[in-house]
Structures are given as C-alpha cells and as structure tokens.
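User: I am new to reading protein models. Can you show me how to read a pocket and a pair of packed helices?

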Amino acid sequence: ISNKISDDFSTYEKLLSTQFSYLTPENAAKWGPVHPHEDTWNFGPLDKIVDFAEQHGMEVKGHALIWFMQLPQNDYLENLSDQEFSEAVKNHIFTLMGRYKGRIQAWDVVNEAIVVNGAHEADYGVSLRDNIFLQKMGEDYIEQVYRWAHQADPKAKLIYNDFGNEGLGEKSDQVYKLIAHLKSRKQPVAIHEVGMQMHLDASSYANPADIVANMRRLEDLGVTVNISELDVQLKNLSGSQAQKLAKQKQVYFDIVSTCVHEPACTAVTFWGFTDRHSWIDSWMGPDDPLLFDEDILPKPAYYGVRNAFLQ
C-alpha cells in the first residue's frame, strides 16, 4: 500500500479495510526508508501500517529485506569491509524482523536477485544480479540471509520475490533452479514461497496455462506461490477507452483465476488499488493500471477480480 494516503483518507481507509485482507508496504520496510543510516531507524511509517492491519484483522507481508535498490543514500554500506557488511546485513534482518515478530506474518526476504542477461553465473547454475550483496558476501548470500531470517522469526513465511517469472521461460527456469538449490542443501534452507510480481501489459501477458504449469512445478519442490505485485497497464492497447477497460478486466480475471484454482497459490496482492496512486505513472508514464479509478470508484477490472473469486 502507498504511503500517500492523506487525501480522501476516510474513503481510502474504508476500501482498504473492507476489500482487502492482506497488506504489503510498498516502501516503508525497504532498507533505505526504514534504516537510512547505520544507527538510525525510521519505524514510524511501518508501525502505522502494521497497526492499521491489526485494527482491521488483516495480515501483513514485509517487503523487502534484501533488494539491490532503495538502499541508504550514503556510503555507510559501501565503505564496510566484507565482514562488516555481512554483520550489517545480519543486524538489519534481526532488528527489523525482531521488532515485528508475530505481527508481520511473511517476508519477501530476497527481491529480484536473478537476471538472465549479463549476470554472474553461480556455481549452482543460477544467473545472479551483480549487486552489493553478491560483491561483498559471495554467491551464497541468498542462502545465508534466508537462514538468518528463519533464525530471526522461525514462524514467519519466507518468500523469494521477482518479476518476469510467472510463465514458462528462462527467468522462471532460473527461479526454479534457485529454489531447487536451496531445498537440496544438506541442511535445507527455510524458504516457503515464491512471489510472482506480475506487473503486466494488457496487450501481451503470460499464457494462464503456462502460469499454472509453473505454479505446479514449484509446488513439486515443496513451496507455495503468491501473485505479489499485480497491476495491468492499458497504454499499449488500441481501441476506445471502454474496450481497453474491458480487456483489462479480462486480464485481471484470467490471472486471479489461476490463483483461485491452484492449491499452491496462497494470495493475490495488487500493487496499489486506486489509479490515483500508482508507481506506474512515475516510472513508465501515465496509465490506469489498478482496480479503482482516480475518484476511487470501482472499474471493470474490480469486477473481473470479484468474478474470479466468486467462481
């Protein structure tokens, strides 16, 4: 959920608490916003989200402990020795997860660690993104941070989250290899779920049958899956606005239906819910990718999702 909710808060709050049961903070739990300096923590925004969830009987998924973006905008991490950096990562995980132990039920522990082109090829056959965690902790950093996360909160669901991994293809193959590697260790790593972001373009998106096949092969490895950051862009569609909204409705129905019908799929999270506040506008240009419009009124997409859940 976005932190930018000061306008029309009562409407926003009512929709959030009545239409959804599971919250993910969009930015408030990322390293830079919550832990901007070595000895400085900014828990206020995340506290408000967790408090809101508890007041309305909602669960919370933390996002994200380890990500190559939105790190502190200073040199404290870069200037640490490799050993000091490793200790800083461990402290970050234990402090953040420890504060919300029993209150945040799941965590995206590692986010977007795999890239298929120009990446570091790990000994275990996975193409890793060349980021500061790889550089300072080595190619086994993913295994290590999951072990720390499990120690920090043994009851939390631990998730690997990425984009472009929903259907069948090179990226999803790489994610599959990573999970298989972690599960095959002599002491298996506590990793419970894979998040499929699904920032989709309505003009071209993964075949639902391929998504189902991918979910099932991950289930065979002993993990569940969730749709973790769903939104559906319209701008590349042709036709009238009504036709575009109808296509968006169909995409939402198709994707949510895959989760409804697959036992391995535990949740669908939308990356925002009103077009008034979407990361798509600032990163990819103006669009209307969400379930409610600028006036926070339900769009056809909303009914596509509702119909998928009511099947």
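**A pocket and a helix pair**

Analyst: This is a predicted model. Start with the second largest pocket: its volume is about 480 Å³.

User: How is empty space found?

Analyst: A probe the size of a water molecule is rolled over the atoms, and this shows where empty space is left.

User: Which residues lie nearest the centre of the second largest pocket?

Analyst: They are Gln19, Phe20, Ser21, Val268 and Phe270.

User: Now the helices. How do I describe a packed pair?

Analyst: Use the angle between the two axes and the distance between the axes. Take helix 8 (residues 208–220) and helix 9: their axes come within 10 Å and cross at roughly 25 degrees. Angles under 35 degrees count as roughly parallel, so helix 8 is roughly parallel to helix 9. The crossing is right-handed.

User: Which residues make the contact?

Analyst: Helix 8 brings Pro208, Ile211, Val212 and Met215. Helix 9 answers with Asp254, Ile255 and Thr258. By class, five residues of this contact are nonpolar, one is polar and one is charged.

Conventions
Residues are numbered from 1 along each chain as its sequence is written. This is a predicted model: local features need pLDDT of at least 70, side-chain atom pairs count only at pLDDT 80 or more; totals for chains, interfaces and linings use all residues. Side-chain values use heavy atoms; hydrogens and water are left out. On a 1 Å grid over the protein atoms alone, a cavity is a set of points where a 1.4 Å probe fits but cannot get out, and a pocket is an open set with protein on both sides within 12 Å along at least five of seven lines; lining residues have an atom within 4 Å of a point. Grid points are joined across faces, edges and corners, and a volume is the space filled by probe spheres set on the points. Axes are lines fitted to C-alpha atoms, for helices over the stretch in contact, and angles run from 0 to 180 degrees between N-to-C directions. Helices (H or I, at least four residues) and strands (E, at least two) are DSSP runs, numbered from the N terminus. Angles under 35 degrees count as roughly parallel, over 145 as roughly antiparallel, 65 to 115 as roughly perpendicular and the rest as oblique. A crossing is left-handed if the near helix is turned anticlockwise from the far one by less than a right angle, and right-handed if clockwise. Contact means heavy atoms within 4.5 Å. Ala, Val, Leu, Ile, Met, Phe, Trp, Tyr, Cys and Pro count as nonpolar, Asp, Glu, Lys and Arg as charged, and the others, Gly among them, as polar.
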